[in-house]
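Me: I want to learn how to read the features of a structure. Please take me through one, step by step.

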Amino acid sequence: MNQTPKPMTFSYDHWLGNYKVLLIFMVVFGHLIETFRNLDGNDSVQIVYNIIYLLHMPAFIFMSGYFFKEVRPKRIISFVVLYLIWQSIHEVYLAYVNEKTVDGLMDGLLHPLVPSWTLWYLLGIIIWQIVTPGFLTLRYPLLISVLFALLINANPGSITNFLSLQKVVSFYPFFLMGYLVKERGWLADGRIRDRLTSPIGRLTGLIVSVSIAIAMAVWTKNGFDTVWLFYRDTYGEFDVPVLKGALIQLFLYAVSTVMIFSVLMMIPHRSFGERFDQIGIQTLAIYLLHSFIVRLFRDSVPPWIAESPVLLIGSSFLLALFFVWILSSRPVVRLFRPLLSPNVNWLFKKTPLTQKL
């Protein structure tokens, strides 16, 4: 009897995939409330924002490192082309909304190495992939990456905008940590994973996460500057001595690291359906597309919502869910595929070596 061939499938880790869904939701949600956190009476918005930023980019970059495999020239060039495409799109969009002249537009297009808003992450992916093999030859790669991050933030003459180097260097320890965790198999199927996702593990993760969130809320109430979480300014710009600045940065690194794992421990490891998995697969597409919608939201939200913490947080939460769902849908991804997955094959010579790139 002839059997119907089974459809081809690929291995999908639902536990880590569900974590990526949460993180990309937090990215969109955080960006929706970002510009309204400093309005009078919006202290609760500031607290929610700080808690989100303590986790979402460190964890997002940690996951990028976890899924990093090896340096492939074709993959790196694909990211370079992807960055140039979206940097140009951002420049054209900003020129339109800001009513720039043609000269202003051309000036932006001809200076692509100062990334527009969220695009620093693409530059980070490119740079992190290139430097990681070199770091892995060192005896203490993670420690050295942290030292580099402290040095670039201690130097008052650091270049903060060019290639977003300050942010790229400062966030790199999370990328490298993700890769090292994968290499050691700590999150793979086995005893450690079973313990992390056991009922006791989930309860522990919940207690730790809530405790950190409460501590951040109290710290925010006592004047914590959110800009510390952006890792884009030197210690001198916070008017603190180098030693104190380095200690604060190390403390934030430690807290974010604990938060990465405590939240991960609470994530279900079962599938919520193919459509939900699609969100985890399309996180980069959501990341690239959402910034334009966020800008429209910021310009159109009425004052009576912007000035009401409950309405702002509630509406932003629901909109973030909607945007994440829509932007990850197959029709949207298919529509923007040429911009999300540019074909770079024409850049390479047709040789046997090309097949391995």
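Me: Where is the place of Leu-203?

Reply: Leu-203 is in helix H9. Helices (H or I, at least four residues) and strands (E, at least two) are DSSP runs, numbered from the N terminus. This is a predicted model: local features need pLDDT of at least 70, side-chain atom pairs count only at pLDDT 80 or more, and totals for chains, interfaces and linings use all residues. Residues are numbered from 1 along each chain as its sequence is written, and side-chain values use heavy atoms, with hydrogens and water left out.

Me: Which residues make the nonpolar surface patch with Leu-203?

Reply: Patches are made of residues with over 30% relative accessible area and no salt bridge; like charges are joined within 9 Å, nonpolar side chains (Val, Leu, Ile, Met, Phe, Trp, Tyr) within 5 Å. A salt bridge is a side-chain nitrogen of Lys or Arg within 4 Å of a carboxyl oxygen of Asp or Glu. Areas come from the Shrake-Rupley method with a 1.4 Å probe; for residues, only the protein chains shown count as cover. Here Leu-203, Leu-206, Ile-207, Val-210, Ile-214 and Val-218 make a patch of about 530 Å².

Me: How many helices and strands does the protein have?

Reply: There are 16 helices and 0 strands. Buried residues make up 48% of the 357 residues.

Me: How many aromatic pairs does a search of the whole structure find?

Reply: A pair of aromatic rings is described by the distance of the centres and the angle of the planes. Rings of Phe, Tyr and Trp (its six-membered ring) pair if their centres lie within 6.5 Å; planes under 30 degrees apart count as stacked, over 60 as edge-to-face and the rest as tilted. The search finds 34 pairs. Take Tyr-53 and Phe-230: their centres are 5.5 Å apart and their planes are at 70°, so this pair is edge-to-face. It links distant parts of the chain, 177 residues apart: Tyr-53 is in helix H2 (residues 43–66), Phe-230 in the loop between helix H9 (199–221) and helix H10 (242–266). Tyr-53 is buried at 8% relative accessibility, and Phe-230 is buried at 6%.

Me: What are the distance and angle for Phe-68 and Phe-175?

Reply: Centre to centre, 5.7 Å; between the planes, 50°. That pair is tilted. Phe-68 lies in the loop between H2 and helix H3 (73–97), and Phe-175 in helix H7 (residues 165–183), 107 residues apart. Phe-68 is buried at 6%; Phe-175 is buried at 1%.

Me: Which ring does the charged end of Lys-20 sit over?

Reply: The test: NZ of Lys or CZ of Arg is within 6 Å of the ring centre and within 35 degrees of the ring normal. Lys-20 sits over the ring of Phe-67, 5.1 Å from its centre. Arg-275 lies over the face of Trp-325, at 4.2 Å from the ring centre.

Me: What is the phi of Tyr-231?

Reply: Phi is positive, about 50°, although Tyr-231 is not a glycine. Tyr-231 is in the loop between H9 and H10 and is buried at 5% relative accessibility. Trp-117 also has a positive phi, near 40°. Trp-117 is in the loop between helix H4 (102–109) and helix H5 (120–136), and is partly exposed at 24%.

Notes
Buried means under 20% relative accessible area, exposed over 50%, partly exposed in between (1.4 Å probe, protein chains only).
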